[in-house]
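Have the sequence and the 3D view ready. This report takes a loop and a strand in turn.

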Amino acid sequence: MNSSLTSASNISRLSPAKINLFLHITGRRADGYHNLQTVFRLLNWGDYLHFSVAEAPVIQTAKTEIDANTLCHQLLILAGAESITADIEDNLIFKAARALLAFAIQSNTLPKQLAQVVITLDKHLPMGAGLGGGSSNAATTMLVLNEIWQLNVTCNELIKIGAQVGADVPIFIFGQDAIAMGIGEKLTDIDLPDQQYLLLTPNAHVNTATLFAHTKLKRDIVPISIDTIQSQYTDYVQTLTASYHNVFTPVVTSLAPAVAEALDYLQGLETQALGIARMTGSGSAVFLPLDASIASDKKLLAKWVKEAPCAGYVVGSL
């Protein structure tokens, strides 16, 4: 075991939010999922996960047959997530830990003993907002447990495991801004300028299945080459040209008036902010990119947050 990790009373990590600068669906897959194109940005704001490594008890794993689900129950104590799922097995943190253990068992790399870990979730990101909170929690869990338990799973392997847990998990394992394709697991890094945003989180949630079944949802956007996305970042970072948009916006705003109201509010600030407001992901959150001159005006930003029709935050790229 890694003494520097197991002796530490707590390991705390930011579990960051993400936003989509644009989001296109390029087609339906044979497995029922949809292919997409997007640019993910990680934010310096999110949840926090606190890992407390127990010096005892240590769980012995040297058995002829060992089940990942049972082992995960023995090794993991989860606190602070009671309001998210009634059953711990439905929680993405548990699912991530279980998937990591299952991989180690299958690849015959599971250590002979593992320390029990208490994970405490300090939740800040609203559920269903399109900010990737649950997926980020899952990815952070996998990354830290991989260190604590010295499983030595590579980043590429973690991304593959994470994709089985949730479509947004890979970007948080990747850990940097990226162009995403496939279901979100095919990632190419992209270097974008630092940015601040006014982000609003309306109290609204639209069922994902309802969104994907909606007649207004465009599923046939012509794919854009990775080279073009990389070279044309000015077309979607601060503003949005006709080639870039979020296909879920007309659907969500038609089904959730609170989202439409929040987006309308931000659109009323676009001239001053010198940016184009938009929705992130398929959730309820909306954001407005801020010009550097506006981002430094704390008094004005505080006024915009105060006057917003719902909870608002000034956040920055990670």
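## Ground rules

This is a predicted model: local features need pLDDT of at least 70, side-chain atom pairs count only at pLDDT 80 or more, and totals for chains, interfaces and linings use all residues. Residues are numbered from 1 along each chain as its sequence is written, and side-chain values use heavy atoms, with hydrogens and water left out.

Helices (H or I, at least four residues) and strands (E, at least two) are DSSP runs, numbered from the N terminus. Buried means under 20% relative accessible area, exposed over 50%, and partly exposed in between (1.4 Å probe, protein chains only). Two strands pair if DSSP finds at least two bridges between them.

## The loop between α4 and α5

Gln150 lies in the loop between α4 (133-148) and α5 (155-165). Gln150 is not a glycine, yet its phi is positive, about 50°. Its relative accessibility is 37%, so Gln150 counts as partly exposed.

Asn152 lies in the loop between α4 and α5 too. Its phi is also positive, near 60°, and Asn152 is not glycine either. Asn152 is exposed, at 67% relative accessible area.

Is strand β9 (residues 286-290) enclosed or open? Five of its five residues are buried, so β9 is largely enclosed by the rest of the structure. Val286, Leu288 and Leu290 point one way, while Phe287 and Pro289 point the other way.

Strand β7 (residues 196-201) pairs with β9 in the antiparallel sense, over five bridges. Here Leu200 stands opposite Val286. Strand β8 (residues 278-279) also runs antiparallel to β9, joined by two bridges. Arg278 stands opposite Phe287 in β9. The hairpin of β8 and β9 has six residues between the strands, and in this hairpin Gly281 takes a positive phi near 55°.
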